[in-house]
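User: Hi, I have a structure open here and would like to talk through some of its parts. Could you help me read it?

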Amino acid sequence: MSRPVQAPAAPLLEVEDLHVQFETSRGIVRAVEGLSFEVGRGEVVAIVGESGSGKSVSALAIMRLLPRLTGRTRGRITFDGRSLLDLGDEEMREIRGRDISMIFQEPMTSLNPLLTIGLQITEPLTIHLGMTAEQARARAVELLSLVGIPDPESRLDQYPHQFSGGMRQRVMIAIGLACNPKLVIADEPTTALDVTIQAQILELMKDLSRKLNIALIVITHNLGVVARYADRVIVMYAAKMVEQGRAEAVFHEPRHPYTMGLLRSVPRLDRPRGMRLETIEGLVPNLTNPPPGCRFAPRCPFRVDICGQEPPLANADNGSQSRCHRHAEIAGGKIAWAASGTGSQQAQMVREGALLSVRHLTKHFPVRAKLGHAKAVVRAVEDVSFSIHPGETLGLVGESGCGKTTVGRLILRLEQPTGGEIEFDGINLVKASPAEMQAVRRKIQVIFQDPYSSLNPRMTVGQIIGEPLHVYKLAADSAAATARVAELLNQVGLRPELAERYPHQLSGGQRQRVGIARALAMEPSFIVCDEAVSALDVSIQGQIINLLEDLQRRLGLAYLFIAHDLAVVRHISMRVVVMYFGRVMEVADRDTIYRNALHPYTKVLLDAAPVPDPTVEKARAPRLIQGELPSHMAPPTGCVFNTRCPMATQECRETIPPLVEKRPGHWAACIKV
Amino acid sequence: MTIATPTAADTAIPKAPNPYLEFCRQQPLGAISFFIIVVMMFAGIFSPWVAPYDPLAIDFAGILAAPSWEHWCGTDAFGRDICSRLIYGSRTALVIGFTSSFVGSTVGAILGIASAYFGGKIDDWIQRFVDILLAFPLIVLALVVVAAVRKFVVGGVDVNLIIAIAVPIIPRVARVVRAAALSVRVMPYVDAARAAGYSHSRIIFRHMAPNVVAPYLIMLTAFIAQAILAEASLSFLGLGVTEPTAAWGLMLSGNAADFYREAPWMILFPGAMISLAVFAFNLFGDSLRDYLDPRFKV
């Protein structure tokens, strides 16, 4: 096969041998090394990689936005015939925003809260294109309607806080497009958004780049997003490009072991659920002291002697480029990742009887009322009921603001419920006395989302894990406690020496393991996992999910697994609860809900989730869902989903649908099914 | 914008830099002020060996002597060596400055953390109490307390003076530490500790206090300067340390006020010492804040 069709003669952007390094107090970090790629006019190129792979730094280097004092850039960046690194500051500023614009991850913080949306959109127009105020305003109205904001004329005079997250990201896109740039760089443009909103934004960006012939560089860690967008994919690992090629080639015929491993470790909705997630063992190397030779070699199962030498970026058989000595053997099918798990492992450990039952749980948060107004409440959780059996994993899915985290906090009694009952092991937690609660506390534990803030930075790992042993006198003496800490560390796959370390000396995955060990130290029978893997990189996420499953089998634990990622929830859960806007929409066992969902919201949610397969994604029909989450201050009447539901009728706006058992074990709150 | 190709030397494993050297490099003014503080502490601790004369020794033969090789800073109206009195005075200033700032900051910090941790009604009550105390300038509140508490000396140290200066420091520190503690309060590790059923005191002292140590230390050093100034002011007003003890504020008052025209060195040197001490502690506190606050890091 020859090289794929390249963009016409001169590419829009040419990056050659780009090096970026930072001087830090811990030494020189080489964040990007020898990166070369091209972007043609109107082409969509995705840069994929885990945290610390150098993907965002490369983008900032192109924009020349790196801190001047500590960052050093070397190489050649040619944009539209001009060498960007040789331009003066004044000339570069002309290009930024006019010819190249950037869309950042956080729509909440990328807009200035004190300026109107209109001012922020017209600013680049008056500065770069010298438009008059009237011209700029007319263009701003045009841009807002282009990105799908209704009633643009009046919204121009509003402030960012009057827009929802999705709407703000649309505004950011409008600002990015304002001067008709030739290239837009989007850094994780949808990471902070909910699945249904993410789908809308992706749709919009793809559409606009086609229509306006804008080249797009998308930087992301989400392989599903990439599959939907990209013409070409660049995979980065530890500051180096390891593979690049057409999206179809990279996804279907990866030619680098890292890409192969990455694609295998994502739980996917479009494939039958495997028994065990495939993982890439080990950790991303430290960039102040990277391993010699191939960066991926220490984690690579196909490592041979030659991997001690730096592999060149070689042309592979299918038009891709791969930085692997053995790419020809991969192409020949001689190397493939072995399946790590066997099918027989997941014996059903679930026992009869409910360990935890939640009945009509309700939580209202009071909102400080303005003088002379009635006191308002936010109904975060409204009439939620479910139960969990010993040894079972119950998945709790929903978008942000649906109350799933509050449910977890209520069960942990970190918040006091407004109404309803929580019964654990025969004790009603809502009415329990402090003494009873103390006894129950040990049995219910928690694992948090963010491994960086869930460990006390001033305590060593040993102190963190050993504290419950000491407080609850679970170890006879300090020697027994030390031994138990070592045992717990071992149980979560960490070396006992780590007990001496502080959390900041560990990686994200290691910290999450410490968090799990801390929970296990109490010898609980039930653990609330609040987005326990969503802050982790894909290759680490699989390791943690497998660990949780192993522990469940060994210790007979029950989990409440709270998450927004449907594929992850499908992988780990036995039954699934879907929540929307404080209420339960549907409850069923895992296979039923993913195969025969009843509730329209569940269907929409499943439809919106991107799948890491370009063929599937590109063939997909446009998404169903419209609109955004309703405001908590003005909740919809009747069914909370009626504002966005494709099936909604007048009846839905009048009655609140009860949760009804539609089929045995399958409950849904919808009057239409 | 070019960089050298990597060499063997800079690919070696980096060592974490020495935090003390790093402080000197980043905050040269802070390092200088720290040096001044160390000299002052040395003089205070070893005054009997450092001071050329007995600070209380009266010599009517040599009253109001101008600075000379014999008496570096001259003598006062009783012929006492001003230099020696300044050296002994640093002892008084540091003891009262340190202890009152330490007591005030610590009580304030505990109050601030508790206020943030418990929240609700308790928070409201503590904060209203703090509001009331904050309504008075530091020196005014110190005056009120010193007037209310009877003189009480233990081991040559005026305990009542320490209390008087510590009390106005409490609300100031409580306010700042509460703000820091509020952000710590919502950290998941505090939730994890609550979910583990640990006692309130354990969560406050073990999980929250170590994480607000930076603002606490900064307030502590900054208020040492304030406390030294307050002690000098109270002594000047005759409410603090009393004669014949050597204290900087005291040296400015009394017969210094009568003779300063003839013997300006009587007020010049104690005044300079007070300024220098306040300056050094303030600057050191500022540098410490900049150094500990990661936002100021390059």
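Predicted model: local features only at pLDDT ≥ 70, side-chain atom pairs only at ≥ 80, totals over all residues.

User: Switching topic: at what angle do helix 7 and helix 20 of chain A cross?

Analyst: The axes of helix 7 (residues 195-212) and helix 20 (residues 600-608) of chain A cross at roughly 50°, and they come within 8 Å of each other. Because of that angle, helix 7 of chain A counts as oblique to helix 20 of chain A.

User: And is the crossing of those two left-handed or right-handed?

Analyst: The crossing of helix 7 and helix 20 of chain A is left-handed.

User: Which residues make the contact?

Analyst: Helix 7 of chain A contributes V195(A), T196(A) and A199(A), while helix 20 of chain A contributes V604(A), L605(A) and A608(A). Sorted by class, the residues of this contact are five nonpolar, one polar and no charged.

User: Now the sheet with eight strands in chain A: what order are they in?

Analyst: The eight strands of chain A form an open sheet in the order 18-19-20-15-21-22-24-23, and the pairing in this sheet is mixed. Its edge strands are strand 18 (444-447) and strand 23 (660-663) of chain A, each of which pairs on one side only. On average, and ignoring direction, neighbouring strands of the sheet are turned by 20° against each other.

User: How many bridges join strand 21 to strand 22 of chain A?

Analyst: Six bridges join strand 21 (residues 575-580) of chain A to strand 22 (residues 583-589) of chain A, and the two strands run antiparallel. In one of these pairings, V577(A) has V587(A) in strand 22 of chain A as its bridge partner.

User: Last topic: how many residues does each chain put into the contact between chain A and chain B?

Analyst: Chain B gives 23 residues to the contact and chain A gives 33 residues. On the side of chain B that touches chain A, helix 9 (residues 188-195) of chain B gives the most, with six residues. By class, that side of chain B holds 15 nonpolar, four polar and four charged residues.

Terms used
Residues numbered from 1 in each chain as written. Chains lettered and ligands numbered in written order. Axes fitted to C-alpha atoms, helices over the stretch in contact; angles between N-to-C directions. Helix = DSSP H or I, 4+ residues; strand = E, 2+ residues; numbered from the N terminus. Parallel < 35°, antiparallel > 145°, perpendicular 65-115°, else oblique. Left-handed = near helix turned anticlockwise from the far one by under 90°. Contact = placed C-beta atoms within 7 Å. Nonpolar A, V, L, I, M, F, W, Y, C, P; charged D, E, K, R; others polar. Pairing = 2+ DSSP bridges.
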